[in-house]
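Dear colleague,

Please find below the structure that I am handing over to you.

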Amino acid sequence: MKKTLICTVLLAISLTAGAQAGIKSPYSQYGLGALDDQSQSFSRGMNGVGLALRRPNIANTLNPAAYSAIDSLTMIFDVAMAGQLTNYKEKGKSVNAKGATFEYIVGTFRLRKDVGMTFGVLPYSRIDYSYATSQYLDNTNGTITESYGGSGGLHQAMLGVGWKVVKPLSLGVNVAYLWGRMEKTASSGSTSYINSLTKTYSALVNSYNIKVGAQWEQPISRRDMLTIGATMGIGHKLNANSTCSIVNSNSVTSSKDTTTFVAENAFSVPWEYGVGLGWTHGRKLFVGADMTLQKWGSLDFPDYDALQNDYVMKSGLLKNRYMVNVGADFVPDEMSRTYLKRVHYKIGAGLGNSYYKVNGQDGPKEVSVSAGFGLPLQNGWNTRGNMKPVLNVSAQWARSSATGLITENSFRINIGLTFNERWFAKWKVN
């Protein structure tokens, strides 16, 4: 009962905090917002590597086939928070912003022999920005200010199953309920000769998301294992309408004129493909590499067309997204009595591009590096070994830049706590 209550409270916190985006990025105004890292705390120090990662004591939603590796005696809960400090530069000007978010909650357990199950609540995308620009018109009208702001995003309530079909092959599937509200505004100031114009874009999403995965384990020596992982996300329409409301206000006469447009079935999630390669050396070392492709470029997206005075679906606003991440995890000796030898040391790096265009120009490319620690926490069941709670702390630096656009330099701290409870151990009485 106590464990159930704790899980329920944490889930409620996750659902409530999901609306607090905490990223403060003007680039989150494009598409469905800034896409979230779907990895868990164990992988964050490796820059999110995990498509070929199999461990009995971690939750890994990147590839649902990994659930079949879960230990038969434990119930795993993984919760995480993140804080971010970002510097923005444009045309010689610089400004800083900071934010914090509750990231996710995930639970994993073995359902039966060779079958593992995972459930959780994770973010999909975030919209969080607020900025203004000023433009001098002439001596009569003076300077006019345009303000932009947005909030919201999409979230996932996920349930997944992984099955070891035969000794080297595991298959899995994640099915998620995808929901959220998105709202973006753009407004211009007014003068005695120019009306104020405010555009508000809003949408409510209630849909689903599906990802399938596979992992193949190939022993290459007594202590070395090569794992190949592959995933595919199912692209589909979200069956959500987008509304564009335009309010034309005259400050002199205090009159308002409102026009509303609706783009039906306006949003989609793309087909997504991923492949990963991982090398495991005993219980000491994991080295992995992931490559993913998201086919955003084949999707249309709603946009207001001033020439037609209409809110219409357009192609060419989004583009395919590619990402490559590499990372490593090293622990000197998980069974050592020396604490520092039981700590996991992680490092990673990645390259990628954005999935949207900015005023017809390709969006910024991103380079990132990360490092972290998995700090074992003692408990009464087992003070050593891999069946213990772990505090994962990692830091990531990411730079997003493109010629003529805003440059973002972000420093992100991720803190995740993995509870590893021996719920299914059987007591033996002599």
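What percentage of the 430 residues of the protein chain count as buried? The figure is 49%. Please keep in mind while reading that this is a predicted model.

**The chain as a whole**

In terms of secondary structure, the protein chain contains 23 strands and three helices. The chain has an accessible surface of about 21000 Å². Carbon and sulfur atoms account for 59% of that surface.

**Ser368 and strand β21**

One residue was examined individually. Ser368 belongs to strand β21, which covers residues 365–376. Is Ser368 buried or exposed? Its relative accessible area is 4%, and Ser368 therefore counts as buried, the cut-off being under 20%. The side chain of Ser368 forms a polar contact, at 3.0 Å, with the side chain of Asn47. Leaving aside residues up to four places away in sequence, Ser368 touches Asn47, Ala349 and Gly350, and also Gln396, Trp397 and Ala398.

**The second largest cavity**

Searching the whole structure gives four cavities of 30 Å³ or more. The second largest cavity holds about 140 Å³ of space. Its lining consists of 15 residues, and those nearest the centre of the cavity are Phe42, Asn57, Ile58, His344 and Val390. At least two lining residues come from each of β21, β22 (390–401) and β23 (407–421). Sorted by class, this lining comprises seven polar, four nonpolar and four charged residues.

**The second largest pocket**

About 580 Å³ of space is found in the second largest pocket. This pocket is lined by 25 residues, of which Arg54, Pro56, Glu217, Met225 and Thr280 are the closest to its centre. Which strand gives the most to the lining of this pocket? That strand is β8, with three residues. Strands β7 (196–219) and β8 (224–233) each contribute at least two residues to the lining.

Yours sincerely

Key: Residues are numbered from 1 along each chain as its sequence is written. This is a predicted model: local features need pLDDT of at least 70, side-chain atom pairs count only at pLDDT 80 or more; totals for chains, interfaces and linings use all residues. Side-chain values use heavy atoms; hydrogens and water are left out. Helices (H or I, at least four residues) and strands (E, at least two) are DSSP runs, numbered from the N terminus. Buried means under 20% relative accessible area, exposed over 50%, partly exposed in between (1.4 Å probe, protein chains only). A polar contact is a pair of N or O atoms within 3.5 Å; within protein, one must be able to donate a hydrogen and the other to accept it, and residues adjacent in sequence count only if both atoms are side-chain atoms. Contact means heavy atoms within 4.5 Å. On a 1 Å grid over the protein atoms alone, a cavity is a set of points where a 1.4 Å probe fits but cannot get out, and a pocket is an open set with protein on both sides within 12 Å along at least five of seven lines; lining residues have an atom within 4 Å of a point. Grid points are joined across faces, edges and corners, and a volume is the space filled by probe spheres set on the points. Ala, Val, Leu, Ile, Met, Phe, Trp, Tyr, Cys and Pro count as nonpolar, Asp, Glu, Lys and Arg as charged, and the others, Gly among them, as polar. Accessible areas come from the Shrake-Rupley method with a 1.4 Å probe; for residues, only the protein chains shown count as cover.
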